[in-house]
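Let us walk through a protein model, one step at a time. Keep the sequence and the 3D view side by side as you read.

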Amino acid sequence: MPRKNRNNKNQGQSPNKTHQRQESNRAELHSRPEFTVYIDEDERAQIEKWVELKDNIETGGDLFGLWVNSYTAVVQFVLGPGQNCNRTRVSFYQDIEYLREAGNYLTQQHGLCNIGQWHSHHRLSLTRPSGGDENTVWGNMPNLGLNRYIVFIATINGCGRNTKVRINPYLFEINQRGAQLPVASGTLKVLERQTSPFRCNKVIADFIKNGRENVNVETTKETPKRKKKDYISKREIFLKPKFQKIELIITPNDMANTFYKP
Ligand SMILES: [Zn+2]
């Protein structure tokens, strides 16, 4: 369960009023549309590649793109781990300097928003955000003025040629009354045979490699360039603030609750 919002506006209200609000939140949940994320096939492959490189330890990065509406997002560029990231089997700390520099470049020069992040739970059998992950995300969102944030959790199954990376999207949302809604699992819709025009842009690729771990890990070789105007229209560009601190920790409780028990 998500922790209670520190700024819970229900405090000090009569039991009747609080009950009405709870009923209202429940009704809102039932009418909540399905959460969907679109991603180019090559961007998904890029995440898979990074995940496979760290088979038994966490890795991660950040998601850049835009919101089509409240429950539909498009990931247009995936950032990998910076070279100064820190990781263990159950935690991942992004290289904040790398995220800051690459993120500023992508948002200010190319109009993308930092709409979420991804990280791997490798073979931990935990396909959703851990309790520590949820606390970290919920704790950061109000300070950054975010009411919506995406977390991709990647897991690995199988070995060798049968290795399969799964990516599960989750939505963290704070409603207009300031209440944290239950973390919603979503659907990842892959745009088959599509390559991000941002990934094809050599100037962007070179900038992003500077400070990145595994500089030579690219899934994209020779791919047709798409016109940038297909993606950047004359819409007003809103630069959302980025997560300055990312700590993703799995607690013993998460492990106890998720491992398969015959
Ligand atoms: Zn996690």
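Start at Pro169. Leaving aside neighbours within four places in sequence, Pro169 is in contact with Val37, Ile150, Phe152, Gly186 and Leu188. Here, two residues are in contact if their C-beta atoms, placed from the backbone, lie within 7 Å. Residues are numbered from 1 along each chain as its sequence is written. The model is predicted: local features need pLDDT of at least 70, side-chain atom pairs count only at pLDDT 80 or more, and totals for chains, interfaces and linings use all residues.

Pro169 belongs to strand S8, residues 164–173. Strands (E, at least two residues) and helices (H or I, at least four) are DSSP runs, numbered from the N terminus. The protein chain has seven helices and eleven strands.

Is Pro169 buried or exposed? Pro169 counts as buried because 23 C-beta neighbours lie inside 10 Å. The rule is this: a residue is buried if 20 or more other C-beta atoms lie within 10 Å of its own, exposed if 12 or fewer, and partly exposed in between, with C-beta atoms placed from the backbone. Lys164 is also in strand S8. Lys164 counts as exposed because it has 11 C-beta neighbours inside 10 Å. Its contacts, leaving aside neighbours within four places in sequence, are Asn157 and Gly158. Across the chain of 262 residues, 33% are buried.

Now look at the sheet. Eight strands form an open sheet with mixed pairing, in the order S9-S8-S7-S6-S2-S3-S1-S10. Strands S9 (184–185) and S10 (187–191) stand at the edges, each with a single partner strand, so one side of each has no neighbour in the sheet. Two strands pair if DSSP finds at least two bridges between them. Strand S1 (residues 36–40) and strand S3 (residues 72–79) pair in the parallel sense over four bridges. One example is Thr36, whose bridge partner in S3 is Thr72.

Next comes the nonpolar core. Such a core is a set of buried Ala, Val, Leu, Ile, Met, Phe, Trp, Tyr and Cys residues joined through C-beta atoms within 7 Å. The largest one has 37 residues, and those with the most contacts inside it include Ile150, Val151 and Phe152. Strand S7 (residues 148–157) gives the most to this core, with seven residues. Leaving aside neighbours within four places in sequence, Val151 has contacts that include Gly116, Pro129, Tyr170 and Phe172.
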